[in-house]
Amino acid sequence: MFLKKLKLINYRKFGENKNVVEFVSSEIIKKEDLAIDEVEENGTIKESIQTEEQSPDVDIASDTTLIIGKNNAGKTTIITALDCLINHKGTFGINDFNYRYLQKYFNEFDIDNPPEILPHISFVLTIALEEESDDRISNLIPFMLVEDVNDSELDICIRYEIKDAVSFQSDMNKLMQEKTNKNKFLKFIKLLNNTDFMLNYYDKNNNKINADFKLGNLMELRCIKANHLKNENCLSDEFSKIINYRYETLFKSEKQGISESLEDINDTLTSNISKNHTEVIKNVLKKLVSMERMGVQLSANITFDKLMRDLIKYEYIEDDANIPENQFGLGYTNLVMIIAAIMDYMERYPESSFNSKINLISIEEPETFMHPQMQELFIKNINEAMKILLSSKNKNVNSQIIVSTHSSHILNSKIQSTNTFNNICYLHEENHNAVVANLCNEKVMPKENMDENSAEFKFLKKHIKYKVTELFFSEAAIFVEGFAEDIVLPYYIEKRKKLNTHYISIFNINGAHGFLYKHLIQVLGIPVLIITDLDIKREENKEDLADEGKESAVNFSQIDSLNKRETTNATIKDFHGKADLSDIPSFYKNENIYLAYQGKINQYYATSFEEAFILTNYDNKVVNDILKTLKPKIYKDITDDGTDQKKNMENSYKWQVKLENSKGEFASRLLYEIVNSETDDIPKLPDYIVDGLDWIEEKLGGK
């Protein structure tokens, strides 16, 4: 059995909807899979073949459940809820309520028709029961109904609710009848804070379960916190705890022998101290106080526990030198601390031939102090590391691993190593509440492209590897398809006061592939502006267009109407539903996606960013200087050496063709000039991009 889902209702940032976290199951690891390489004392490696008696089948998470999201998205809240429910670490209180839920309850309270449901926090844990498992399910019997006999899962409902409903209703009526409304909501909060609550368990039919039931009897959670380096000797302390525990449980006879030896050492030391130190102290005290009825005795007191506290000295071995732990990097120390915590968990895991509990290991923000490559290796190899730890234990361990992170490197490594978007729980905010999106291939990719061997899936996975994982940690994002937009847009965003305080990522998707991200964007919920090119289809051969020597054979005519025109842009065709541009609107948008493309600019339709920029700024000094520098002969021919800059507008498509192989230099020079310009005559962004930025600003609450 394993924890399949957790639903959080009205708990902290979680509301009443989009609040279900899904977890990956555990799986059987076969004995033969636990054959590992052992390291000899001299550092060489030998192969270890495990026998059936040495290593039984064990259960461990087949993959890690990754909980990701920006800071304050609710990642820690999920683990905190489990910790409180399972380990009773801390108690629930008024500050654990979703305050917007309380505001709604207060505002809608009607004295004449008071609500039947009182303020409460709820949790629903879905337990999956696996076939052909030797799990002991006696702890689940209180929640199993007759109709559940053949079910593969069941729900445990837990409510933090008011103990005395009648008394609370009476107090609420008195509060709401007060004539003044001043601070009434704060008085409501104070009333809740002074009200007694209790934690009750229910089955799926809302029948209360015996009060003796404790979730801790069914589940166990070990939390490995982030940044838990308490002092410079934390590793020595941690491994001392592990060895001390092993002596307490596995090596009791050895501990007894050590304790007896310590008694002999104490006797010898006490005799020495009495002879060389105690008599001197007595003689000094006699001069100051009466010693007739008082004496002094100094004795040695070395105990096993005291010895263990200072027994272990952790050192790193670098080449042939031993390095003290406080001289090594924080990233390595943090990693070893995580391993030490898992080792301690394994040591304390009960010896048993069956799985009596669901066991969860949560690792919070393991990336702390780690460089990017170490972060990627961590999530990629955590399961292998667990197997190695298990190989020395004759225990049937059934554990699910939960990792919460805001590291794009860990996220990317998980996607690449598993070749899937499955088992990723993404948290973001919607209407001020935390929202859960459980990712999987079916949600991220269109159904027709879902096959992991499809070109579309490979493109998306490969592109995410290089940058797009930042999308999961952004407040908003902009997808562009060219180098120019990628390099120029950050400057204009920085100049907008209502945007430059937000973390907005810009992704160059290298072509009109924005439609492949549509499903992923919808799942993530953040506002995403896709800037693409109109890509109006023309009759001319592109090789001829780019060849200045064949200019006479090229038709550089401007496009002033979209009637009977088509686009070659795949993203526009996906949103518009067809290639025909005759009736295309000026933009497309839904809840969190805005698709922007060129419209009519100064009488003409542009088909690329560069052309749209020139049409918008045909008479701008900065733009004209750049065009003249890049293409002096063409600039002279088009504008009559700059005397008729309006002809830049009338030849915008020709400029696009001539700049085809100079787009990068055009963008770089443009950014350099506008950053270093001493005038206010900065070129303007085309309107279709400005409108898209306005939309992002509005979605982020800027208007």
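Two strands are taken to pair if DSSP finds at least two bridges between them, and strands (E, at least two residues) and helices (H or I, at least four) are DSSP runs numbered from the N terminus. The structure is a predicted model, in which local features need pLDDT of at least 70 and side-chain atom pairs count only at pLDDT 80 or more, while totals for chains, interfaces and linings use all residues. Residues are numbered from 1 along each chain as its sequence is written, and side-chain values use heavy atoms, with hydrogens and water left out.

Ala 477 has Val 528 of β20 as its bridge partner. Strands β18 (residues 476-480) and β20 (residues 528-531) run parallel, joined over 3 bridges. Both belong to an open sheet of 5 strands, ordered β19-β18-β20-β22-β21 with mixed pairing. Because β19 (504-508) and β21 (587-589) each have a single partner strand, they form the edges, and one side of each is left without a neighbour in the sheet.

Angles run from 0 to 180 degrees between N-to-C directions of axes fitted to C-alpha atoms, for helices over the stretch in contact. Helix α23 (residues 687-699) lies across β18, β19, β20, β21 and β22 (593-596), at about 170 degrees to β20.

Elsewhere, strand β15 (residues 398-405) holds Gln 400. This residue is buried, with a relative accessible area of 2%.

Definitions and conventions
Contact = heavy atoms within 4.5 Å. Buried < 20%, exposed > 50% of the residue type's maximum accessible area, 1.4 Å probe, protein only.
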